[in-house]
Amino acid sequence: MIDTAQSLPPSAFHRVFYGPSELRAGWRLCFFLAMVIALINATNWIVARLLPRADRITLFLVFLLINFLIFLLASWIMGRIEGRTIADYGLPWRGMFRGQFWQGALLGFASITGLLVVMRAAGVFYFGSIALHGADVWKWAIVYTLVFILVALKEEFRARGYGLFTLSAGLGFWPAAILSAVYFGYSHHRNSGEDWIGLFNASAFGLLTCFLLRRTGNLWMPIGMHMAFDWGETYFYGVADSGQKLPGHLLESSSLGPAWLSGGTVGPEGSVLCTLLIVVVWLICAAWLREVKYPKPDKIQNSRGSL
């Protein structure tokens, strides 16, 4: 007896929404974004009523944590629907603050240090004198460590978590990585003091962290690198970070010279020397990390090409 249900081809409606085995990647991403936008609007409304007189710094920290949790929650919900875990989207909790994170942190701090040494040799940067003393040294070091861990978690998982995984299923990893990097760079355009070189370098940094994700299998090395690079800029060396110079920095440094070389109001990220740094770090990591580990083929093979 012929099973007509299995012999009939899928309907046009089914083909629009479904790939070989699940909802197409584009629709899954749309549902994810709709959920994120709804949660952001809801939490903005709640925070505005619970903290009507909160200062700018408090609101920044509150929204930093909330936005990370929103992307984490939305990813968890999509994972339950898809039969996947947060680890599949690049954030395995078993790897939290372990070896790869600290390797990334060392790479990030070494990168900003190397960049500033080269800028000093070019005569466009001066390390200056120590600006903090006593307990303030440790207080601000700890404060900025916690802040930039949160910044790195939010920005890396937002740009290279569920969205990158799902786009990779539909487009392939590198087209998805380029879109992710462009989005990451564009997300900095409202920073005061930012310019086009800084935005380009932010996008290039985003592509570099996509590469690290590709070769390490998760986001912990990119998170460590992102955290330490920002920490080195803001706290240790006291330079602007994406156009933002904050109080509580260890060194009272200064820069001068043409903006394309010194970074101008952007900070070191606005210098063409930062562009060269990203290329050098990429080449070093390509020689060091040779195996492709993300995304795992068994996690996306049924969705590949089904945007």
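Two rings of Phe, Tyr or Trp (for Trp, its six-membered ring) count as a pair if their centres lie within 6.5 Å. With that in mind, welcome to this predicted model, which holds 26 aromatic pairs.

**Aromatic rings**
- One of the pairs joins Phe101 and Trp102, whose ring centres are 4.9 Å apart.
- The planes of Phe101 and Trp102 stand at 85°, and planes over 60 degrees apart count as edge-to-face, so this pair is edge-to-face.
- Phe101 is buried, because its relative accessible area is 1%, whereas Trp102 is exposed, at 52%.
- A cluster linked by ring pairs takes in Phe109, Phe125, Phe127, Trp140, Tyr144, Phe148, Trp231, Tyr235, Phe236 and Tyr237.

**Around Ser180**
- Ser180 sits in helix H8, which covers residues 173–186.
- With a relative accessible area of 6%, Ser180 falls under the 20% limit and is therefore buried.
- Beyond its neighbours within four places in sequence, Ser180 touches Ala159, Arg160, Leu164 and Cys210.
- Arg160, one of those contacts, also lies over the face of Phe184, at 4.5 Å from the ring centre.

**The chain as a whole**
- The chain contains 13 helices and 2 strands.
- It has 307 residues, and 48% of them count as buried.
- Taking contacts between residues at least 6 apart in sequence, 76% join residues at least 24 apart.

Conventions. Residues are numbered from 1 along each chain as its sequence is written. This is a predicted model: local features need pLDDT of at least 70, side-chain atom pairs count only at pLDDT 80 or more; totals for chains, interfaces and linings use all residues. Side-chain values use heavy atoms; hydrogens and water are left out. Helices (H or I, at least four residues) and strands (E, at least two) are DSSP runs, numbered from the N terminus. Buried means under 20% relative accessible area, exposed over 50%, partly exposed in between (1.4 Å probe, protein chains only). Contact means heavy atoms within 4.5 Å. Rings of Phe, Tyr and Trp (its six-membered ring) pair if their centres lie within 6.5 Å; planes under 30 degrees apart count as stacked, over 60 as edge-to-face and the rest as tilted. A charge sits over a ring if NZ of Lys or CZ of Arg is within 6 Å of the ring centre and within 35 degrees of the ring normal.
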